[in-house]
Amino acid sequence: MNYIPEGLRRLWHRMGSPRWFYETTGSWVPWLGVAAALLIGVGTVWGLAYAPPDYLQGNSFRIIYIHVPAAYLAQAGYMLMAVCGVVLLVWRMKLADMVMATVAPIGAAFTFLALVTGAIWGKPTWGTYWIWDARITSVLILLFLYLGIMGLRRAIERPEAAGRACAILAIVGVINIPIIQYSVDWWMTLHQPATFTITEAPAMPASMWIPLLLNVLGFNLLFALSVIQGTRTEVLVRERRTRWVTELCRQER
Amino acid sequence: MSFDSFAEFFAMGGHGFYVWLSYLSTAVVVAFVLVWPLWRRRRFLREQRGRIHRADALGQQTEAEAHASEA
Amino acid sequence: MTSSPVTEPSLWVLFRGQLRRDLLLAFGQPSELANPLAFFVVVITLFPLGVSPEPDVLASMAPGVLWIAALLATLLGLEALFRRDRDDGTLEQMVLQAQPLYLPVVARMLAHWMVTGLPLTLLAPLLGGMLNLRPEAQLPLMIGLALGTPVLVLLGGVGAALTVGLRTGGMLLALLVLPLFVPVLILGVSAAELASSGLDPSGPLLWLAAGASFAITTVPFAIAGALRIGVEVG
């Protein structure tokens with residue numbers, strides 16, 4: 001372990017203390033909020049008003065500026081939960097379980113948004129709200145995976161056991177996600193004529209993809225902001241029997 | 001500007017319903033994602049403060065103090 | 001002073017012992033055995049009644065219907081998988097013994113498969129015939145089920161181990177496990193459909209074989225880990 005830089009090692013040890021996390025991240029929250037608002041604001045206004053309309057889809061393509069960030073966060077959220085799961089099982093870091101518990105409903109919300117925006121986008125593009133194509137079906141299955149983790153956590157009473165059970169489920173799930181996506185994709189190519197190819201779009205001009213990038217970054221920061229806020233609360237809840245939390249509750253407005 | 005007037009912007013070339021419905025849904029989800037942790041935090045603080053005040057009033061140890069003396 | 005060393009049972013003996021015990025218990029309760037099979041048959045019977053009895057329609061959906069019924073029947077059997085063990089305390093014994101948990105888990109899964117997945121696989125051609133499944137598809141269907149049902153049992157075993165003892169039981173188990181079943185479903189049905197059209201079904205079947213070998217070697221670890229958590233809760 002000597003090749004790990006001292007700074008990282010110290011950070012790792014600090015993360016073993018939920019209290020450290022709470023006290024350190026307090027000052028981050030407003031900055032994250034401002035940065036996220038700025039990026040999303042600029043990206044959205046640019047994408048809605050200034051980007052040129054798409055040759056094939058007209059103005060409905062502007063839904064991309066929220067659909068792509070949502071779909072990305074849906075996937076990334078689940079992967080984050082799996083990483084937390086590994087950290088929890090291998091190193092028994094309590095903070096990892098707190099993050100995992102916070103990410104689940106937030107990731108599920110973005111998955112739902114990806115489904116909804118995908119379906120709404122489908123109507124002007126293909127004429128129907130719901131079409132069983134590979135992508136939307138995979139996102140739907142991802143939503144089920146999220147709901148499963150949330151259901152399992154709720155069903156097990158002891159938080160430590162619930163955390164470890166969800167960790168196992170998240171790891172099993174994350175390994176299965178690419179398998180599920182490939183198999184669903186393959187099934188769709190067997191059963192649908194290849195007219196529904198939405199993937200190979202011509203290269204987007206900068207005036208179209210820059211706002212997309214801005215929104216992706218902005219939504220990532222928004223996600224980080226919510227996860228940090230939620231984890232801070234989770235820290236308070238789980239450590240409520242400690243002196244520092246009791247003091248904090250007395251002082252807090 | 002890709003649109004010549006606000007009316008055009010709103011209409012989105014006939015796709016206005018879809019675009020605005022999507023952005024509205026996003027606003028709802030973003031609001032949820034921001035408000036939910038804050039609401040949980042407020043609820044926890046409220047309940048915990050209640051427990052502490054009750055313990056103080058009864059002259060009893062709060063959970064933390066009991067926990068510390070057990071440890 | 002030399003005392004005669006206590007010979008620890010070899011791993012193979014342990015495995016065989018667990019397997020024999022599970023099989024005996026299973027066959028001791030023939031009604032439990034019959035349940036998933038009966039379910040399989042009944043569900044399949046619903047399709048001609050609920051969709052259409054026309055031979056052509058049935059033929060086109062036969063692979064899917066057979067596989068979905070197999071999935072659901074496996075799910076049904078999974079609930080009971082560890083419940084009995086937990087109720088009579090053998091689950092705790094299994095978890096707390098010194099030898100690795102991997103082997104009893106594999107034995108348990110094998111026994112469970114032998115009383116659920118295997119009978120399904122053997123019964124499938126008969127039901128396939130009743131659904132007008134093309135004769136060319138019968139063998140690929142059976143091979144697919146033979147390879148796929150172990151994977152279903154293993155993946156379902158993870159869900160069953162995670163939810164053992166929970167009151168929510170069945171519905172949560174279904175939610176946890178059905179998404180994981182999707183690739184097996186797709187591969188199995190594709191093999192049968194390809195064969196029905198006269199094409200070569202070996203692609204999906206090879207993938208199923210690969211999946212089965214991967215699952216048998218890795219999933220029992222997840223099941224063992226999940227069982228340990230369950231025992232601590234109870």
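## Where chain A meets chain C

Between chain A and chain C, 23 residues of chain A are in contact with 20 residues of chain C; two residues are in contact if their C-beta atoms, placed from the backbone, lie within 7 Å. On the chain A side, α6 (134-155) and α7 (159-191) each supply at least two residues. The largest share, 13 residues, comes from α7(A). By class, the chain A side divides into 17 nonpolar, four polar and two charged residues. Here Ala, Val, Leu, Ile, Met, Phe, Trp, Tyr, Cys and Pro count as nonpolar, Asp, Glu, Lys and Arg as charged, and the others, Gly among them, as polar. Helices (H or I, at least four residues) and strands (E, at least two) are DSSP runs, numbered from the N terminus.

This is a predicted model, in which local features need pLDDT of at least 70 and side-chain atom pairs count only at pLDDT 80 or more, while totals for chains, interfaces and linings use all residues. Residues are numbered from 1 along each chain as its sequence is written, and chains are lettered from A and ligands numbered from 1 in the order in which they are written.

## A helix pair across the two chains

Two packed helices are described by the angle between their axes and the distance between the axes. For α6(A) and helix α8 (residues 170-196) of chain C, the angle is about 150° and the axes are 9 Å apart. Axes are lines fitted to C-alpha atoms, for helices over the stretch in contact, and angles run from 0 to 180 degrees between N-to-C directions. The angle makes α6(A) roughly antiparallel to α8(C); angles under 35 degrees count as roughly parallel, over 145 as roughly antiparallel, 65 to 115 as roughly perpendicular and the rest as oblique.

The crossing of α6(A) and α8(C) is left-handed, a term for a near helix turned anticlockwise from the far one by less than a right angle, with right-handed used if the turn is clockwise. From α6(A), the contact is made by I141(A), F144(A), L145(A), L147(A), G148(A), G151(A), L152(A) and A155(A). From α8(C), L172(C), L175(C), L176(C), P179(C) and V182(C) take part. By class, the contact of α6(A) with α8(C) has eleven nonpolar, two polar and no charged residues.

## Two residues in helices of chain A

Y146(A) lies in helix α6 of chain A. Y146(A) counts as buried, because it has 25 C-beta neighbours inside 10 Å. A residue is buried if 20 or more other C-beta atoms lie within 10 Å of its own, exposed if 12 or fewer, and partly exposed in between, with C-beta atoms placed from the backbone. Not counting residues up to four places away in sequence, Y146(A) touches Y78(A), A104(A), G107(A), A108(A) and T111(A). Y146(A) and G173(A) are 27 residues apart in sequence, and their C-alpha atoms are 9.3 Å apart in space.

I177(A) is in helix α7 of chain A. I177(A) has 19 other C-beta atoms within 10 Å, so I177(A) is partly exposed. Leaving aside neighbours within four places in sequence, I177(A) is in contact with Y78(A) and L142(A). The C-alpha atoms of I177(A) and Q75(A) are separated by 9.1 Å, although these residues are 102 residues apart along the chain.

Chain B has three helices and zero strands, which run α-α-α from the N terminus on. Buried residues make up 17% of its 71 residues.

Between chain B and chain A, 34 residues of chain B are in contact with 37 residues of chain A. On the chain B side, α2 (16-57) and α3 (63-70) each supply at least two residues, and α2(B) gives the most, with 22 residues. This side has 21 nonpolar, nine polar and four charged residues. R240(A), in the loop between α8 (206-238) and α9 (243-251) of chain A, touches V245(A) and Q48(B), not counting residues up to four places away in sequence. With 19 C-beta neighbours inside 10 Å, R240(A) counts as partly exposed.

## Chain C as a whole

Chain C has nine helices and zero strands. Its radius of gyration is 19 Å, close to the 17 Å that the globule rule gives for 234 residues, so chain C is as compact as a globular protein of that length. The radius of gyration is taken over C-alpha atoms, and the globule rule is 2.2 Å times the number of residues to the power 0.38. Along the principal axes, the C-alpha atoms of chain C fill a box of roughly 80 × 35 × 30 Å.

Of the 234 residues of chain C, 46% count as buried. Among the contacts in chain C with a separation of 6 or more, residues 24 or more positions apart account for 81%.
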